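Subject: Structure handover

Hello,

Here is the structure I promised to pass on. Please open it next to this email and follow along.

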Amino acid sequence: MVRSGVYPTGLSTPNHWNQDAVLGKVGLKSASNVLLLPDPKTYPKVEQTDYSQEFDKAYYVMSLKDLDKAKTTVSLTKANNLNYTLPTALNIKMPRTLSELRKVEKSVSKSELNWENPAAEDNSREMNFAKMKLEYHAGTYFVNGNEQNINDTAPVQKKHKHKEYQETGLNLILSYQGKFLTVFILVTLIGFVLLIYKGRKVYWDKFKRK
């Protein structure tokens with residue numbers, strides 16, 4: 001991921017992982033920040049516990065639709081404001097069309113949220129993968145303590161001509177195989193017709209008077 005210009009600084013897991021002694025310890029210990037996604041309807045319980053890990057930040061994830069419902073509830077109860085007791089992340093389904101993207105932008109702009117700025121935080125966000133340590137601090141990414149230039153574009157893999165030649169050759173082989181099968185079937189059908197005609201002639205010759 002780093003070689004492709006992606007620097008992950010947190011993990012996202014279902015919320016129940018953080019109430020499981022095994023999943024939480026094994027799966028979440030490598031990150032200082034986590035996104036706690038809604039639990040599925042059914043999920044395995046390895047070693048459930050009432051204790052959870054402490055993180056620099058553990059975000060509770062809610063969808064944009066649920067946020068609208070919560071705001072409606074607050075409005076109906078005539079509350080002054082919608083307060084969040086936990087750091088909250090907004091989960092939005094990836095738009096596939098330009099019209100869907102515009103709807104998302106419109107919904108987000110109407111949400112009137114105070115957006116967090118990770119670059120202004122004093123604490124660092126860290127992740128550890130085997131011998132690699134990824135860190136984000138004050139708007140800068142570090143890999144094993146080395147500052148990364150995030151303005152660089154991700155490397156683009158060059159297409160190999162040899163691979164293209166192989167793909168072209170394979171297409172030619174398949175094309176020739178199709179033509180060969182067509183000719184073979186036609187020849188076989190003609191042969192069957194000739195054999196039937198010859199066999200019928202021999203059969204009727206037996207009944208002719210000499």
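Is Glu121 buried or exposed? Glu121 has a relative accessibility of 18%, and buried means under 20%, so Glu121 counts as buried. Keep in mind that this is a predicted model. What follows was computed from it.

**The charged network**

Start with the salt bridges. A search of the whole structure finds five of them. One joins the side chains of Glu121 and Lys57, at 3.2 Å from N to O. Glu121 sits in the loop between helix H3 (98-110) and E5, while Lys57 belongs to strand E3 (residues 57-63), so this pair ties together parts that are 64 residues apart in sequence. Lys57 is partly exposed, with a relative accessible area of 24%.

Now look at Arg125. Its side chain meets that of Glu116 in a salt bridge, 3.0 Å from N to O. Arg125 also forms a salt bridge with Glu121, where the closest N and O atoms are 3.1 Å apart. Arg125 is buried, and so is Glu121. For Arg125 the relative accessible area is 11%. Glu116 is partly exposed, at 39% relative accessibility. Shared partners join these salt bridges into one network of Lys57, Glu116, Glu121 and Arg125.

Where does Glu116 lie? Its place is in the loop between H3 and E5. Leave aside the neighbours within four places in sequence, and Glu116 is in contact with Lys57, Tyr59, Glu121 and Arg125. The contact between the side chains of Glu116 and Arg125 is also a polar contact, at 3.0 Å. Glu116 and Ala89 are 27 residues apart in sequence; from C-alpha to C-alpha they are 9.6 Å apart in space.

**Ser32**

Next, go to Ser32. It lies in the loop between helix H1 (21-27) and strand E2 (33-37). At 15% relative accessibility, Ser32 counts as buried. What does its side chain reach at 2.8 Å? It reaches the backbone nitrogen of Glu126. Again leaving aside neighbours within four places in sequence, Ser32 is in contact with Phe55, Asp56, Lys57, Ser124, Arg125 and Glu126.

Glu126 stands opposite Glu135 in E6. Strand E5 covers 125-129, and strand E6 covers residues 132-137. These two strands pair in the antiparallel sense over five bridges.

In what order do the strands of this sheet run? The order is E5-E6-E7-E8, in an open sheet of four strands with antiparallel pairing. Strand E5 and strand E8 (146-148) are the edge strands, and each of them pairs on one side only. From one strand to the next, the twist averages 25°. As background, strands of a sheet pair through backbone hydrogen bonds, either parallel or antiparallel.

Last, the aromatic rings. The structure holds two aromatic pairs. In the pair of Tyr7 and Tyr141, the ring centres are 5.1 Å apart and the planes are at 25°, so this pair is stacked. Why does this pair tie together parts that are 134 residues apart in sequence? Because Tyr7 lies in the segment before strand E1 (11-14), whereas Tyr141 lies in strand E7 (residues 140-143). Tyr7 counts as buried, at 16% relative accessibility.

The other pair is Tyr136 with Tyr141. This pair is tilted, with 4.7 Å centre to centre and 55° between the planes. Tyr136 is buried as well, with a relative accessible area of 12%.

- Arg125, with its salt bridges to Glu116 and Glu121.
- Ser32, with its side chain at 2.8 Å from the backbone nitrogen of Glu126.
- Tyr141, which pairs with Tyr7 and with Tyr136.

It is all yours now.

Best wishes

Note on methods. Residues numbered from 1 in each chain as written. Predicted model: local features only at pLDDT ≥ 70, side-chain atom pairs only at ≥ 80, totals over all residues. Heavy atoms only, no water. Pairing = 2+ DSSP bridges. Axes fitted to C-alpha atoms, helices over the stretch in contact; angles between N-to-C directions. Phe/Tyr/Trp six-rings, centres within 6.5 Å; stacked < 30°, edge-to-face > 60°. Buried < 20%, exposed > 50% of the residue type's maximum accessible area, 1.4 Å probe, protein only. Salt bridge = Lys/Arg side-chain N within 4 Å of Asp/Glu carboxyl O. Polar contact = N/O pair within 3.5 Å; in protein donor to acceptor, adjacent residues only side chain to side chain. Contact = heavy atoms within 4.5 Å.
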